[in-house]
Amino acid sequence: MSLIDLVVEDIVKIPMTSNDKPDVLRELVQTLKDAGQIDDFDAVLQAVQEREDKLSTGLENGIAVPHGKTTAVTSLKLAIGIAPDGIDFDAMDKNPSKLFFLLVAPPDQSGPHVEALAEIAKLGQSKAFCKALVGADDATEVVELLKGE
Amino acid sequence: MSTPKKILVYIDGTEQSITAAQYAICLAAFYHADLTALYVINTRAMEDLLKARIFLKDEQMEYEHDMEADAERYLNYVNELAVKKGLSIAKKSSRGSVHKEITDLVKDDDIDLLVIGELSRIRSRRDEFYDEAERAMRTVPCSVLVVKDEDKVWEMYESLV
């Protein structure tokens, strides 16, 4: 399975309405809940929060990759959030984060989990592409950009 | 007509790979072929994640440990599936880049047929989205069988005496 299999409009939140990191995590997990991808909001949020508490997943170039493992899901789940104005996510370059990829997986699917995170890492290396995603008008455009259409 | 003598099935813990294993077991039984199941601990991806600072060092170790446990769990499960049908399989796990480990094993063990689970139905034009199994399919020197239709394969497996 590839990350692209998880990319559908329902899991894209654009523009995000959060103002700070706790809100961002809640908004992304809520996106998964609203899309019918998860049942247990609290468990998924806790999993992601626990990882975030160790060290911020806010990277350079405005990208953040909150992630976690939880038995509350039976397969990989992805939510994408776009905040064109940027949100303080305690990123390593101290700049606001604009592009969020939240990924959660069950503990016994570490292989697919690692592969999906690696694909996100590769995506993040393309500044031009990330800029295009941040500039997208809506979820449809985000999905089209990711599918290369 | 030559038939496969050595079959390799790639296991990554997904339902698709388990379906592939069931089909591979049926093939091995029918052709009296040797069957090997391979799980690759994707250390290459974990190193990339560490470099990208998505993983912390202790997180990398934690996931590596998880993958080792997954390898044992899924290979044992596939072994049980084979034993139920009176077959023995060789269980192998390796570390590195998934497609490279698959290709190396195919070459080293003279594998005739690689069996993999269903690939992504979406073909993105973005290079970043790649399926390791699909990459292996393109690089291995042997024939490749992509298994689909979980229900039909289950029936096939169940009917195997």
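Keep in mind as you look that the model is predicted.

The largest nonpolar core has 93 residues, and B:Val9, B:Ala24 and B:Val115 touch the most other members. Helix H1 of chain B, residues 15–31, supplies eight residues, the largest share of this core. In soluble globular proteins, nonpolar side chains tend to be buried together.

From H1 of chain B, you can move on to a helix that packs against it. The axes of H1(B) and H6(B) come within 9 Å, crossing at roughly 35°, and the crossing is left-handed. On the H1(B) side, the residues that meet H6(B) are B:Glu15, B:Thr19, B:Gln22, B:Tyr23, B:Ile25 and B:Cys26. Their counterparts in H6(B) are B:Glu150, B:Val153, B:Trp154, B:Met156 and B:Tyr157. Sorted by class, this contact has seven nonpolar, two polar and two charged residues.

H4(B) and H5(B) have axes that come within 8 Å and cross at roughly 40°, and here the crossing is right-handed. H4(B) brings B:Val98, B:His99, B:Ile102 and B:Thr103 to the contact, while H5(B) brings B:Glu132, B:Arg135, B:Ala136 and B:Thr139. Three of the residues in this contact are nonpolar, three are polar and two are charged.

An α-helix has 3.6 residues a turn, so residues three or four places apart point the same way.

H2 of chain B tells a similar story. Its buried residues are B:Ala45, B:Met46 and B:Leu49. They span an arc of only 100° around the axis, which places them on the same side of H2(B). What do the buried residues of H2(B) pack against? They pack against H3 of chain A and H3 of chain B. Just after H2(B) comes B:Arg53, which takes a positive phi of about 65°.

Now step back to see how the chains meet. In total, 27 residues of chain B are in contact with 29 residues of chain A. On the chain B side, the elements that give two or more residues are helix H2 (43–51) and helix H3 (57–84). H3(B) gives the most, with five residues. The chain B side of this contact has eleven nonpolar, five polar and eleven charged residues.

Most residues other than glycine have a negative phi, and most peptide bonds are trans. B:His32 is not a glycine, yet its phi is positive, at about 50°. This residue sits in the loop between H1 and strand E2 (34–41) of chain B. Is B:His32 buried or exposed? B:His32 is exposed, with 9 other C-beta atoms within 10 Å. B:Asp149, also not a glycine, has a positive phi of about 60°, and its place is the loop between strand E5 (143–147) and helix H6 (150–159) of chain B. B:Asp149 counts as exposed, with 12 C-beta neighbours inside 10 Å.

Over in chain A, the peptide bond from A:Ile14 to A:Pro15 is cis, with omega near -10°. You will find A:Pro15 in the loop between strand E1 (12–13) and helix H1 (21–34) of chain A.

Terms used
Residues numbered from 1 in each chain as written. Chains lettered and ligands numbered in written order. Predicted model: local features only at pLDDT ≥ 70, side-chain atom pairs only at ≥ 80, totals over all residues. Axes fitted to C-alpha atoms, helices over the stretch in contact; angles between N-to-C directions. Helix = DSSP H or I, 4+ residues; strand = E, 2+ residues; numbered from the N terminus. Left-handed = near helix turned anticlockwise from the far one by under 90°. Contact = placed C-beta atoms within 7 Å. Nonpolar A, V, L, I, M, F, W, Y, C, P; charged D, E, K, R; others polar. Core = buried A, V, L, I, M, F, W, Y, C linked by C-beta atoms within 7 Å. Buried ≥ 20, exposed ≤ 12 C-beta atoms within 10 Å, placed from the backbone. Arc of directions from axis to C-beta.
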